[in-house]
Amino acid sequence: MRGVSTRELGQHAFARGLTAGQLEALAALAVSVELPAGCRLFEEGGRAARLWLLRSGRIALDLRVPGRERIIVETLGPGDELGLSWLTPVAQWQFGAIAQLPVSAFEFSSTALVELCEADHELGYQLTRRLVVTAIARLQAARIRILDLYAAPAPAAGGAL
Amino acid sequence: MTISQVPASYRVSSRRDETHDTVTLTLEPAGDPIAAVRAGQFTMLYAFGIGEIPISVSGRPGQHALAQTIRAVGAVTTALCAMPAGQIVGVRGPFGTCWDEADAAGRDLLLVAGGIGLAPLRSALLAALSDRQRYRRVIALIGARSPAELVFGGEIDDWRASGAEVMVTVDRADASWHGNVGVVTQLIRRAGVDPPNTTALICGPEVMMRLTARSLVATGMSAGNIRLSLERNMQCGVAECGHCQLGPLLLCRDGPVVSYQVAEPLLATREL
């Protein structure tokens, strides 16, 4: 675990478009972490208090289902953000997260991020906007998966084919 | 060249189960063969006594034998999927436009497949890998419903060894799956696409193709460098019957491979 330079942070997709001052403020809160494959970052139901910006590797978001193996809900990779649940009032993880591959990431405390956003509303707006875009993209992806596009067509739609 | 409307006889020389409902048949001519098939084109396959359906070729172009990958979704496809080696089928074609993957020489070739849509793209991928130095990167992004429903899963290591970058994602998986889970469009950013220097070929359910093409355009790709394989009710194969009309296009002749520049307004029009 070590500190993060503004140059390093500026290379992440999440930081694109931030000013030098904003990058500096954000980098001061970040630590660089390396997680081995199999490392569990959090479990469903735990207190949500971290945001990670993934640089490499892969994280699986999963869910325990009684009597079955864990179901993987989604995987995240380089350029993605992990950990949005602290934005909600209950601040509780809704899924678990485990490193499927060795992961390199920038880690932030949500408390420190919220304090920074309270002190600097422009930066707060920039960060919130990015996290909302991510949340919308995940909502849209979830909706597309609900469509089950790759399922076999219903016999009526398939006709004689 | 005139394409005969009389089916040529082909014998099923081998069959490979891809998934629980999808089979790849290798067909050898039992008489005069049809003309050489290009990647992206389709044939009309005739299960005698049952019916005829359009199926894209999934094998490497220029081969004596045809590889055709079929999913059992109705009477004809179920009959074809059940055919043992030695059985005779009728083949008309080849029909339609092709991927023109060679047109991407000197550029990155990006293939985005959803479900059984990988079958027509496999043909372009095998063609590109047989002439690998012609392209910069060859990238295949593949979406499937689940690991068990991934077609050609056993070939992916070979494709990688031949110089392709392959990323697979599935819609649902348990903890035994160690790959990506999510929609195929989410792989575009992870693949690090170089928009101005990329030609993209997309095949899958139409909704998936629309969303993928839109995602690629959002990265800065030109619609003219994106090609889709569209599907309608192909019947005659020679632009006579009109069943496959999509606006001004008769897809058995003007498709199935269509530039997104042409397809975009048509796909956005209701009732087409």
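Two strands count as paired here if DSSP finds at least two bridges between them. With that in hand, welcome to a predicted model in which strand 13 (residues 226–229) and strand 16 of chain B pair in the antiparallel sense over 3 bridges. Chains A and B also meet in this model: 27 residues of chain A are in contact with 32 residues of chain B. Here is a short tour, beginning with the sheet of chain B.

**The sheet of chain B**

- This open sheet has 7 strands in the order 11-9-8-7-12-13-16, and its pairing is mixed.
- Its edge strands are strand 11 (180–181) and strand 16 (257–259) of chain B, each of which pairs on one side only.
- Where strands 13 and 16 of chain B pair, B:Arg227 has B:Ser259 of strand 16 as its bridge partner.
- Helix 7 (residues 260–267) of chain B packs on the sheet and touches both strand 13 and strand 16 of chain B. The direction of helix 7 makes about 90° with that of strand 16 of chain B.

**The sheet that takes strands from both chains**

- A second open sheet, with antiparallel pairing, has 5 strands in the order 3(A)-8(A)-5(A)-6(A)-10(B).
- Strand 3 (40–42) of chain A and strand 10 (173–174) of chain B stand at its edges with a single partner strand each, so one side of each is left without a neighbour in the sheet.

**Where chain A touches chain B**

- Of the 27 chain A residues in contact with chain B, strand 6 of chain A gives the most, with 5 residues.
- Strand 5 (59–63), strand 6 (71–76), helix 4 (121–146) and helix 5 (155–158) of chain A each supply at least two residues to this side.
- By class, the side of chain A that touches chain B has 16 nonpolar, 6 polar and 5 charged residues.

**The domains of chain B**

- The domain assignment gives chain B a domain 1 (8–95) and a domain 2 (101–229).
- The C-alpha centres of these two domains of chain B lie 24 Å apart.
- In chain B, 13 residues of domain 1 are in contact with 15 residues of domain 2.
- On the domain 1 side of that contact, the residues divide into 3 nonpolar, 7 polar and 3 charged.

Notes
Residues numbered from 1 in each chain as written. Chains lettered and ligands numbered in written order. Predicted model: local features only at pLDDT ≥ 70, side-chain atom pairs only at ≥ 80, totals over all residues. Helix = DSSP H or I, 4+ residues; strand = E, 2+ residues; numbered from the N terminus. Domains from an automatic or database assignment. Contact = placed C-beta atoms within 7 Å. Nonpolar A, V, L, I, M, F, W, Y, C, P; charged D, E, K, R; others polar. Axes fitted to C-alpha atoms, helices over the stretch in contact; angles between N-to-C directions.
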